[in-house]
Amino acid sequence: MNLSRTQIGLIAVILFLLSLGGCTVSKYNGLVQQDEAVTRSWNDLQSTYQRRADLIPNLVSVVKGYAKHESETLEGVVAARAKATQMTIDPSKATPEQMAAFQKSQGELSQALGRLLAVTENYPDLKAAENFSQLQAQLEGTENRINEGRKLYNEQVRTYNIMVRSFPMNLLAGFFGFQQK
């Protein structure tokens with residue numbers, strides 16, 4: 001079978017376009033996967049923050065029974081919890097300012113909890129109470145999960161941002177509307 005130069009050229013162009021299209025689809029899917037990884041890690045982190053928030057009323061209740069003179073500290077924890085749980089962020093639309101405000105409210109809650117746990121040192125009966133010990137252990141475990149979740153989220157965002165900003169992916173990302181997080 002004899003092919004003319006025009007036919008060979010046409011076949012070459014078609015093969016080039018097919019390979020370019022395949023490459024584009026592959027790179028696009030990589031962007032989607034990385035975007036989903038960022039969203040998943042944020043949702044996991046949010047879930048851990050919520051777990052901490054759910055533990056706080058029980059902890060406050062137990063401490064209140066033993067440390068009746070610490071109402072200011074207990075009220076501070078309750079107020080910080082309320083502020084932290086009111087803030088929700090959609091990671092796909094989050095701005096640096098929103099993230100900073102969110103982290104600030106979570107940090108204030110951590111500080112309030114730290115003050116509460118410091119106060120409990122003055123109450124040996126409270127420290128010896130089994131339900132307090134269990135809640136404190138759960139809270140410490142949750143704080144560790146929060147730290148690990150933050151690390152994972154930051155790493156996922158870093159990887160995504162590198163992908164979105166690197167050439168030639170930045171062209172594809174811009175064309176399909178992927179933006180830095």
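Trainee: How do you know that the distance between the end C-alpha atoms of helix α1 agrees with its 62 residues?

Mentor: The model is a predicted one. At 1.5 Å a residue, helix α1, which covers residues 5–66, should span 92 Å, and its end C-alpha atoms lie 92 Å apart, so the two values agree.

Trainee: Where does α1 bend, and which proline follows?

Mentor: The bend is at I56 and amounts to about 25°. The proline P57 follows within four residues, and P57 itself belongs to helix α1.

Trainee: Why is P57 called partly exposed?

Mentor: The relative accessibility of P57 is 40%. Buried would require under 20% and exposed over 50%, so P57 counts as partly exposed. In space, the C-alpha atom of P57 is 7.7 Å from that of V78, although the two residues are 21 apart in sequence.

Trainee: What makes W42 and Y153 an aromatic pair, and why is the pair tilted rather than stacked or edge-to-face?

Mentor: Six aromatic pairs are counted in the model.

Trainee: Why is the pair of F175 and F176 called edge-to-face?

Mentor: The ring centres of F175 and F176 are 5.0 Å apart, and the planes stand at 85°. Since planes over 60 degrees apart count as edge-to-face, the pair of F175 and F176 is edge-to-face. Ring pairs also link F175 and F176 with Y28 and F178 into a cluster.

Trainee: Are F175 and F176 buried, partly exposed or exposed, and how do you know?

Mentor: F175 has a relative accessibility of 68%, and so counts as exposed, the cut-off being over 50%. F176 has a relative accessible area of 38%, and is therefore partly exposed.

Trainee: Which peptide bond is cis, and what is its omega?

Mentor: The bond from F167 to P168 is cis, with omega near 5°. P168 sits in the loop between α5 and α6, the latter covering residues 169–176.

Trainee: What makes up the lining of the largest pocket?

Mentor: This pocket, with a volume of about 300 Å³, is lined by 17 residues, and P91, S92, A94, Q180 and K181 lie nearest its centre. Helices α3 (96–120) and α5 (130–165) each supply at least two lining residues, and α5 gives the most, with four. By class, the lining has eight nonpolar, six polar and three charged residues.

Trainee: What is the volume of the second largest pocket, and which helix gives the largest share of its lining?

Mentor: The second largest pocket holds about 150 Å³ of space. Helix α1 provides the largest share of its lining, five residues, while α1, α2 (71–86) and α3 each supply at least two. Among the lining residues are Q46, Y49, A84, T85, F102 and L109. The lining comprises six nonpolar, five polar and one charged residues.

Key. Residues numbered from 1 in each chain as written. Predicted model: local features only at pLDDT ≥ 70, side-chain atom pairs only at ≥ 80, totals over all residues. Heavy atoms only, no water. Expected span 1.5 Å × (residues − 1). Bend = angle between axes of the 7 residues up to and from the residue. 1 Å grid on protein atoms, 1.4 Å probe; cavity = no way out; pocket = protein on both sides within 12 Å on 5 of 7 lines; lining within 4 Å. Points joined across faces, edges and corners; volume = space filled by probe spheres on them. Nonpolar A, V, L, I, M, F, W, Y, C, P; charged D, E, K, R; others polar. Phe/Tyr/Trp six-rings, centres within 6.5 Å; stacked < 30°, edge-to-face > 60°. Buried < 20%, exposed > 50% of the residue type's maximum accessible area, 1.4 Å probe, protein only.
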